[in-house]
Amino acid sequence: MTTHAERSGNTEQPGNAEASGNTEPYGNTEQPGNAERTVFLLAHTGRPAAVRSAELVVQGLLRNGLGVRVLAVEAQDLPLPPSVETVTDATPTAVDGCELLIVLGGDGTLLRGAEISRASGVPMLGVNLGRVGFLAEAERDDLDKVVDRVVTRAYKVEERMTLDVVVHSNGDIVHTDWALNEAAVQKVSPERMLEVVLEIDGRPVTGFGCDGIVCATPTGSTAYAFSAGGPVVWPEVEALLMVPISAHALFAKPLVTSPDSVLAVEVQPHTPHGVLWCDGRRTVELPAGARVEVRRGAVPVRLARLHQASFTDRLVAKFALPVQGWRGAPH
C-alpha cells in the first residue's frame with residue numbers, strides 16, 4: 001500500500017484547500033496520519049457527481065482522524081490529500097484492516113462493492129448516485145450525515161442472503177459462482193426460445209420455452225426479478241425466488257420457496273445454448289443440456305445500516321408510490 005503522495009509525487013500539505021480546489025468546510029482541519037480507524041472508499045469516478053461526492057467524504061473522514069484507502073486507478077481521478085492510501089487491485093486483501101467499505105455510485109458500483117464486501121467480511125455502506133439504488137443506505141444529499149454516522153459508529157450491520165450457483169454439464173461441475181441479487185439463465189439467440197425444465201428439491205415442476213429464468217434472493221426481488229414480474233419480498237423474509245421471463249406457457253408463475261430449497265434449471269439438449277448471468281456482472285456460457293443449481297449462499301453480504309426506517313417506507317420512496325389519502329390505523 002502507498003499513500004497518494006507516494007504514488008503521484010504530490011507534496012501538497014494536508015488541508016490545503018486552495019491547492020486542492022476544495023473550498024468546503026471539510027478538508028482544512030485534517031488530522032495527522034497513522035489513524036487507528038480506516039475506511040475503504042469505492043467510487044464510480046466516471047461521473048463528476050461521484051468525484052465531488054468522494055472528495056467530500058474523504059475530507060470529512062480525514063478531518064475527524066479516520067484513515068482513508070482507495071484504488072490507485074480511482075485515485076487518479078480524485079483530488080486527494082497525500083495521506084490517503086492507495087492499493088492496486090480490488091481484491092479482498094485490499095480492505096484488510098478497514099472497518100467499513102463506503103461505495104459511491106449506482107447499482108453496478110454497489111454490486112462491485114458487494115463482491116469485495118462478501119469476500120472480505122467488511123460491511124458495505126452504499127451511497128446512491130444512480131436512479132433507484134435499493135442496495136444503498138443513503139442518497140447524495142446525505143453525505144454529511146454519512147460521515148457523521150461513520151465517525152461516531154452510529155450504524156448497524158445486517159446480513160443479506162446470497163446465492164451459491166453450480167453449473168453442471170455432462171455430469172461434471174464446469175462452473176461455480178455466487179450472487180447477491182440473482183442468477184439468471186437466459187437465451188442467447190433472439191430468434192429462438194430457451195427450452196428449460198424447472199426443478200425444486202429434486203422434483204420436476206414444469207417445462208416450457210422462455211427468454212430465461214431468474215433465481216433471486218429477497219434482496220434481488222426488487223431488481224431483475226421485479227422487472228420480470230416477480231413479487232417484492234421484504235429483506236427479512238428468508239426465501240428463494242424463481243421467476244420466468246416471457247414464458248410461452250399457461251403455468252409460468254413466479255415461485256417462492258423455502259430458503260433451504262435447491263432450485264435447478266435444466267437447459268434441454270435440443271435447445272440452443274444459453275448463458276448464465278450472476279448479478280449482471282459475471283457470465284458463463286451454458287451448453288445445451290447444462291444444469292444450473294441454485295441454493296442459499298454459505299457466505300452473506302454484510303450491509304451497514306444508518307436508518308431504522310422500514311422497508312415499506314423505502315419501497316414507497318424508491319418507486320414514488322402513491323400513498324395520498326392514507327390515514328393509518330385508528331388510535
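Is F134 buried or exposed? Keep that question in mind while we take a short walk through this predicted model.

Let's start with the whole protein. Its secondary structure comes to 8 helices and 21 strands. Of its 331 residues, 50% count as buried. The protein exposes about 15,400 Å², and carbon and sulfur atoms supply 50% of that area. What about contacts along the chain? Take those between residues at least 6 apart in sequence: 69% of them join residues at least 24 apart.

Now back to our opening question. F134 has a relative accessible area of 12%, and because buried means under 20%, this residue is buried. You will find F134 in the loop between β6 (124-128) and β7 (138-139).

F134 also has an aromatic partner. The protein holds 4 aromatic pairs, and one of them is made by F134 and F311. How do we describe such a pair? We use the distance of the centres and the angle of the planes. For F134 and F311, the ring centres are 6.0 Å apart and the planes meet at 40°. Planes under 30 degrees apart would count as stacked and those over 60 as edge-to-face, so this pair is called tilted.

Where does the partner sit? F311 belongs to helix α8 (residues 311-319), and 177 residues separate it from F134, so the pair links distant parts of the chain. F311 is buried too, with a relative accessible area of 12%.

Next, let's visit T45, in the loop between β2 (38-43) and α3 (48-63). Is T45 buried or exposed? Its relative accessible area is 16%, which is under 20%, so T45 counts as buried. The side chain of T45 makes a polar contact of 3.2 Å with the side chain of D77. Setting aside neighbours within four places in sequence, T45 is in contact with V51, E74, D77 and L78.

Our last stop is E36, in the loop between α2 (17-20) and β2. With a relative accessibility of 82%, E36 lies over the 50% mark and therefore counts as exposed. How far apart are E36 and G97 in sequence and in space? They are 61 residues apart in sequence, and their C-alpha atoms are 9.4 Å apart in space.

Conventions. Residues are numbered from 1 along each chain as its sequence is written. This is a predicted model: local features need pLDDT of at least 70, side-chain atom pairs count only at pLDDT 80 or more; totals for chains, interfaces and linings use all residues. Side-chain values use heavy atoms; hydrogens and water are left out. Helices (H or I, at least four residues) and strands (E, at least two) are DSSP runs, numbered from the N terminus. Buried means under 20% relative accessible area, exposed over 50%, partly exposed in between (1.4 Å probe, protein chains only). A polar contact is a pair of N or O atoms within 3.5 Å; within protein, one must be able to donate a hydrogen and the other to accept it, and residues adjacent in sequence count only if both atoms are side-chain atoms. Contact means heavy atoms within 4.5 Å. Accessible areas come from the Shrake-Rupley method with a 1.4 Å probe; for residues, only the protein chains shown count as cover. Rings of Phe, Tyr and Trp (its six-membered ring) pair if their centres lie within 6.5 Å; planes under 30 degrees apart count as stacked, over 60 as edge-to-face and the rest as tilted.
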